[in-house]
Amino acid sequence: MDRLLKRLHDRRTPPGVEMAILRRMPLIWLASTLLPIGLSAAVRLWPGDRAGIDVAKQIATADIFVVALIATLWTAVLTVSIACVIVYVMKGPGYVADAYPLDTAARPANVDGSRGSA
């Protein structure tokens, strides 16, 4: 494997904000789960006592909202975590790429591929 990938240097860019965010992600995930569940529990513990309010419908509506909110927050947490991992990987050491021959002409090619004045 060492023959296929040759490092340009052994240095790595020090981790930045992405590692601080990744370290907080478990707590953020837990909070994004428990806080909406707390909302659902609050609706059950303190139902509306006003006349004309259907408590079962109010609880069902709150549960639907909580499930949608949790799904949205989990998606956001996962997206931010993936972005942080990508940034962390991109800050790793550089590697030598495959050789790619470049045309070193002084002028860019015309639309038809020929060199010369436009």
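Ser 40 is found in helix α1. The structure is a predicted model, in which local features require pLDDT of at least 70 and side-chain atom pairs count only at pLDDT 80 or more, while totals for chains, interfaces and linings use all residues. Residues are numbered from 1 along each chain as its sequence is written, and side-chain values use heavy atoms, with hydrogens and water left out.

**Exercise 1.** Determine whether Ser 40 is buried or exposed, and which residues it touches.

*Solution.* Step one is the cut-off: buried means under 20% relative accessible area, exposed over 50%, and partly exposed in between (1.4 Å probe, protein chains only). Step two applies it: Ser 40 has 10% relative accessibility and therefore counts as buried. Step three concerns contacts, defined as heavy atoms within 4.5 Å. Not counting residues up to four places away in sequence, Ser 40 touches Asp 63 and Val 66.

**Exercise 2.** Identify the buried residues of α2 and the element against which they pack.

*Solution.* The buried residues of α2 are Ala 62, Val 66, Ile 70, Val 77, Ser 81 and Cys 84. These buried residues pack against α1. For the chain as a whole, buried residues make up 15% of the 118 residues.

**Exercise 3.** Locate the salt bridges and describe the parts of the chain that they link.

*Solution.* A salt bridge is a side-chain nitrogen of Lys or Arg within 4 Å of a carboxyl oxygen of Asp or Glu. The structure holds 2 salt bridges.

- The side chains of Arg 44 and Asp 63 meet at 2.7 Å, N to O. Arg 44 lies in helix α1 and Asp 63 in helix α2, so the pair ties together parts 19 residues apart in sequence. Arg 44 is partly exposed at 44% relative accessibility, as is Asp 63 at 22%.
- Lys 91 pairs with Glu 18, the closest N and O atoms being 3.2 Å apart. This pair links distant parts of the chain, 73 residues apart: Lys 91 in the segment after α2 (55-90) and Glu 18 in helix α1 (residues 17-45). Lys 91 is partly exposed at 23% relative accessibility, whereas Glu 18 is buried at 7%.

**Exercise 4.** Describe the surroundings of Gly 94.

*Solution.* Gly 94 is placed in the segment after α2. Leaving aside neighbours within four places in sequence, Gly 94 is in contact with Lys 6, Arg 7, Leu 8 and His 9. Across the chain, residues 24 or more positions apart account for 72% of the contacts with a separation of 6 or more.

Technical notes
Helix = DSSP H or I, 4+ residues; strand = E, 2+ residues; numbered from the N terminus.
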